[in-house]
Amino acid sequence: MSAEGGLTTAGYIQHHLTNLAVCADSAKDATGHCHGFWTLHLDTLIVSGLLGLVAFGLMAKLASRATAGVPCGWQNFVEMVVGMVDQQVKDTFHGKSALVTPLAITIFIWVFLMNAMDLIPVDFLPVAASAVGVDYLKVVPTTDPNLTFAMSITVFLIMIWMNLKVKGFGGYMHEIFTAPFGAKLAPVNLIFRIVEDIAKPISLALRLFGNMYAGEMVFILIALLGLYQLPLALPWALFHILIITLQAFVFMMLTIVYMSMAAESH
Amino acid sequence: MSINATLIGQAIWFAVFIWITMKFVWPPLQKAMADRQKQIADGLAAAERGKQEQEIAAKRSADALREAKEKASEVIAAAERRAQQIVEDAKGQAKVEADKVLASGKAEIDQEVERAKQQLRERVAELAVAGAEKILKKEINAAAHADILGSLKQGL
């Protein structure tokens, strides 16, 4: 079950929830753990990067050979997923943009794959990693708030860019200061707008992080049961298939909604 | 689980993947899907057109068949009429020919009868004269009774 036999329950959980971090020696504390901003979570970066490179590389290779004729199996599958995302974009986003559909596709597929790392039994990869000398490995990148915030802040920046592109600087400022109460209550409108806009990336990031972190925690707790985990891990994994798909879909859908709000004037 | 520089790295990853999808994944797939949609629409339209054309052709062929049947029956009727006429004509001609043959036969017979009568007439006069000669050898002078013999000859 656990790589280190003598570990306490709390230690086991703690070990599973610690990222593989690198930082300058000066940023390390007495136990060798990194603190401060200039720390990199290598496991998050590598796992998410590899998943993305493999998935989008394969998709790009497939797309370059895509034909208008009868699609082969993989092209059919990718077209099905991509077509589903495109349909959501068409239903929700009424502006014209070459960015929104690719953005939504990227989010859905990448988040889904990263979430799906949760389905690998919790000890497999950490034990394998410790066998080759890597002490810590947190396999599911979406349980790292750095990743979810990176995505939601990127979405937030694209949202602002979309606002500026569609409405122009003047139109954007006008909307910020006059909606929803009119020009006379400009300061109130501004405060409302700031709260509303800041809530978007935070809720996006924390929703995904919270769901995946909690799911991972349940997997870890089930793994603590020893042999009894078997009848529990399977149902939870099956149930979790729903959650990982749903969370990927929700992140994608909210991004589309935010983009469509940015592209439409009030 | 603190916020740190990983955030920047992840944002870079995210931007890279959005760029890959935007440049290399979505446009070719979208094009393939749109092309296929167009092909299917075209195919369905062509099928519809073909069906209509087939219906028109079927109607036209039925028309042609009916026309041909009408013409054939017309031709047959005309041929029958013509055949009847030919038979009628032949009958008429045969009748005329037969009449002619009959008439000429009759005339020949009449001639023959006339000739036979003539011969008989000649012979009767001779026989009568001979008989009278024999019966009346002594008494009757041929020259003296020539007018009586002549009227007898005329009476035949």
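Helix α2 of chain A and helix α1 of chain B run roughly parallel to each other, because their axes cross at roughly 10° and angles under 35 degrees count as roughly parallel. The axes of these two helices come within 9 Å. Keep in mind as you look around that this is a predicted model.

**Where the two helices meet**

- On the chain A side, the α2(A) residues that meet α1(B) include A:Thr44, A:Leu45, A:Ser48, A:Gly52, A:Phe56 and A:Met59.
- On the chain B side, the partners in α1(B) include B:Thr6, B:Gly9, B:Trp13, B:Phe17, B:Phe24 and B:Leu29.
- Sorted by class, the contact of α2(A) with α1(B) has 12 nonpolar and 9 polar residues, with no charged residues.

**A closer look at α2(A)**

- How far apart should the ends of this helix be? At 1.5 Å a residue, the 23 residues of α2(A), residues 42-64, should span 33 Å, and the end C-alpha atoms are 32 Å apart, which agrees.
- The buried residues of α2(A) include A:Asp43, A:Val47, A:Leu51, A:Ala55 and A:Leu62.
- Several residues that meet α1(B) are also buried, among them A:Leu45, A:Phe56 and A:Met59.
- Within chain A, the buried residues of α2(A) pack against β2 (39-41), α3 (73-92), α4 (100-116) and α6 (145-178).
- These buried residues also pack against α1 of chain B, so this helix has partners in both chains.

**The contact between the chains**

- Taken as a whole, the contact uses 39 residues from chain A and 27 residues from chain B.
- The side of chain B that touches chain A divides into 19 nonpolar, 6 polar and 2 charged residues.

**Chain A as a whole**

- Chain A has 8 helices and 2 strands, and along the sequence they follow the pattern α-β-β-α-α-α-α-α-α-α.
- The C-alpha trace of chain A spans about 65 × 55 × 35 Å along its principal axes.
- Of the 266 residues in chain A, 35% are buried.
- Among contacts in chain A with a separation of 6 or more, 67% join residues 24 or more positions apart.

**How confident is the prediction?**

- Chain A has a mean pLDDT of 88, and 97% of its residues reach 70 or more.
- Which elements of chain A have the lowest and highest mean pLDDT? Strand β1 (residues 21-23) has the lowest, at 83, while α4(A) has the highest, at 95.
- Over residues 1-5 of chain A the pLDDT is below 50, and this stretch has 9 contacts in the model beyond near neighbours in sequence.

How values were computed. Residues numbered from 1 in each chain as written. Chains lettered and ligands numbered in written order. Predicted model: local features only at pLDDT ≥ 70, side-chain atom pairs only at ≥ 80, totals over all residues. Helix = DSSP H or I, 4+ residues; strand = E, 2+ residues; numbered from the N terminus. Expected span 1.5 Å × (residues − 1). Buried ≥ 20, exposed ≤ 12 C-beta atoms within 10 Å, placed from the backbone. Contact = placed C-beta atoms within 7 Å. Axes fitted to C-alpha atoms, helices over the stretch in contact; angles between N-to-C directions. Parallel < 35°, antiparallel > 145°, perpendicular 65-115°, else oblique. Nonpolar A, V, L, I, M, F, W, Y, C, P; charged D, E, K, R; others polar. pLDDT = per-residue confidence, 0-100.
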